[in-house]
Amino acid sequence: MILRVALPLPLDKLFDYLPLDNTGEVGARVEVRFGKRTLIGLIAEVVETSQVPTNKLKPILQLLDATPMVDQELLSVGRWAAHYYQYPLGDALLHLVPILARKEIRPEPTPTPMFRLHQNADIETLSKRSVKQRALFLHMQQARKALDSSSIREAGFERRVLNSLIDAELIESFTQSPDEEPIRVGLSKPHLELNSEQQIALSNISSTSGYTCHLLAGVTGSGKTEVYLQAIEPHLLAGKQVLIIVPEIGLTPQLVERFSSRFDAPLVTLHSGMSDRARYEAWERARSGAARLIIGTRSSIFVPAKRLGMILIDEEHDTSLKQQEGFRYHARDLALVRAQQLDIPVLLGSATPALETLHNAHQQRYQLSLLEQRAGEAKPPSFELLDMRHQPLETGVTAEALRQISAHLASNNQVLVFINRRGFSPSLVCQGCAEAVHCTRCDAAMTLHRRPPRLHCHHCDRQTPIPRSCSHCDSTELRPVGSGTERIEERMAELFSNYPVRRVDRDTTQSRQAFETLMSDLHSGEPQILVGTQMLAKGHHFPDVTLVVILNADAGLLSADFRAMERTAQLLLQVAGRAGRASKPGKVLIQTQHPEHPILATLLQHGYLAYAQQELKSRATLGLPPFSYQAIVRAEAQRQGWAEAYLMRLRQLLEQAGAQELKLMLAGPFPANMEKRAGMFRAYLILTAPKRAALQHLLRQARSWIEVDPEAPRVRLSIDVDPVEST
Ligand code: ADP
Ligand code: ZN
Ligand code: ZN
């Protein structure tokens, strides 16, 4: 008996070891000696013979799991993904093991501590001033069941509040191992009555069984979430688990709340903000089948679930569903692979579906349901384009926009100002020689921040104090040029001093708590101004926002990346979708230098799907994805020219290997859009083929050369299959 083990190494193969006592099952972890190192690996295969002579095979050091940690179903998803995304097999398969279990020998599931009110607990023993304590007391009372610490935290209560109630003997804690949990699944709240569009969508989704992929394309505010809730209900009631994947910033307590308040079913969340231990525990509860709702960001596609009944991908167009470094998998695409294997349905939802997804729907590979009206009372927002040319701009805001902001505030409404840059100003420019202060490690200007004062490179994270003078000409006249969120916030506060101004970007919402406080301030309904980045764009429901101002719509209109316009269209409509989501009508102002741009016209007059139709036509004419398949080989090196020279050689090798006969088109190598980043010089080569198989074949060729090429160590290479960005 020979164990073929996946190890966390950048080599595309498994390593053969001998078992101890003839034991070891596929999917169990082992500890092995590799060279001088001791590594934790995963048994990927158990075979009878090895290519390596038996006397050269080493035994494993230790078998870590008596029963498999990873099941066959996920192992085959992992293998598929390693193959398709051209990523080393061992490293890919270890993605199936939670981080904690890749590091520690025995991550025994600690029984989850649970919390409940003491039988005779009386809220009146708490002082009236202990507002948070009282709120948690009421929360526990309403829950009418024991809660774990993560769900208490998700509901917005800090650990110290919980501890103080435990100290006061109002709450007791006890432990429960995942398997002992009695599981009752039910509805804790009735459904909303669906409107006719929602009904049709739901019956489309529910009428099929086994593997099918549904796309629910519904404008913002059309009630997609209600359809999700009713679509997953039969699966939950039948005792199945449902996996819900959302973009990183889409995973907010609000979203979790919508699922947890509808169903009385154990729920776990998984996201990057959790400790390895907490993630492991959530993973374990999903694996055992105890957690019925599993809500997580992209890596949750690898979470095992014993009785998975359905996979739901919300905001399926979002590029954060694709990992952009290392193992560059797409969670949506892996969801389809997984669902096919399990013969279960997948539901994709978005207001602005990816063009690939729409194309698949047009090809009848997916079933399409449309929601074209907003649900309930809400009306669609109206759009107005504001020409920025020849306008005196108040730090980037036109006089007309200011007039309308003022009017909306005066009628007691909230205003959202969207700008896609954080910081005070994207550059600090010398008035003597017109040079901006650049990052020394990147081809990029440093962003000026005021709070706290510093220059910050948003590409490599380098931070420096603000210089007093220009390093080129010594002039001391350095001026901020352009606006970021801080500057707009400051300007709005000056102009509208009677109203609160709040800023929402990565700098102000580091903690979940900060974000929650902000959301609750907004829900007070007081007139106020919100200034923020795309953090504001996703999923949030702001019932009192009636005006959305987009300060600059132009970024994607002129970009070299053919996908930039699609991203811009998605972002514009997502941001616009925050306006008028309740009974008040919404207005969206879009500032642009190109008010006559035909794409803006289509998008605003006829909506996203009309735009997408046009864009798909032009992609078809140009032979671009989704009408062809792409991969990008990226290279970076410490010296300028190395990466490009390497890719040039690779290009020649691919040409010799018959790229032309396979109809593979090669473009580049090109220097990256920002050639130097974090001290490395970068270049890329684009491969486009009409057939996936041809692309896969040639990429495999390329990898086999790279593996044995003596020059390869000078450059860092990565292969990106189905890239979402091409510069
Ligand atoms: P989406 O996810 O499509 O942007 P939501 O699911 O957030 O939309 O729904 C927007 C609003 O409409 C929510 O406040 C929701 O409660 C409400 N809503 C959804 N469906 C209905 C319905 N059938 N009847 C009344 N209100 C609804
Ligand atoms: Zn200067
Ligand atoms: Zn930098």
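Let's start with how the chain folds back on itself: taking contacts between residues at least 6 apart in sequence, 75% join residues at least 24 apart. Keep in mind that we're looking at a predicted model. DSSP runs give the protein chain 20 helices and 32 strands. Its radius of gyration comes out at 27 Å, close to the 27 Å that the globule rule gives for 727 residues, so the chain is as compact as a globular protein of that length.

Now zoom in on the zinc ion (ligand 3). Which protein atoms are its donors? They are the SG atoms of C439, C442, C457 and C460, sitting 2.2 to 2.4 Å from the zinc ion. Along the chain, these donors follow the spacing C-x2-C-x14-C-x2-C. Two of them show what this does for the fold: C442 belongs to the loop between β20 (427-430) and β21 (447-449), while C457 belongs to the loop between β22 (454-456) and β23 (463-464), so the pair ties together parts that are 15 residues apart in sequence. C442 is buried, at a relative accessible area of 2%, and C457 is buried too, at 0%.

What about the geometry of the zinc site? The angles among the four donor atoms run from 106 to 111°, and the site is tetrahedral. For reference, the ideal angle for four tetrahedral donors is 109.5 degrees.

From there, move along to an open sheet made of four strands, in the order β30-β31-β29-β32, with antiparallel pairing. Its edges are β30 (665-677) and β32 (715-721), each of which pairs on one side only. On average, neighbouring strands of this sheet are turned by 20° against each other, ignoring direction. As a reminder, strands of a sheet pair through backbone hydrogen bonds, either parallel or antiparallel.

Take one pairing in detail. Strand β29 (residues 629-637) and β32 run antiparallel and are joined by seven bridges. To find your way in the viewer, pick A631: its bridge partner in β32 is V721.

Helix α20 (residues 692-708) lies across β29, β31 (680-689) and β32. Compared with β29, helix α20 runs at about 20°.

Terms used:
Residues numbered from 1 in each chain as written. Chains lettered and ligands numbered in written order. Predicted model: local features only at pLDDT ≥ 70, side-chain atom pairs only at ≥ 80, totals over all residues. Heavy atoms only, no water. Pairing = 2+ DSSP bridges. Helix = DSSP H or I, 4+ residues; strand = E, 2+ residues; numbered from the N terminus. Axes fitted to C-alpha atoms, helices over the stretch in contact; angles between N-to-C directions. Contact = heavy atoms within 4.5 Å. Donors = N, O, S within 2.8 Å, 3.2 Å for Na, K, Ca; no water. Tetrahedral: all angles 85-135°; square planar, octahedral: opposite > 155°, others 65-115°. Buried < 20%, exposed > 50% of the residue type's maximum accessible area, 1.4 Å probe, protein only. Rg over C-alpha atoms; globule rule 2.2 N^0.38 Å.
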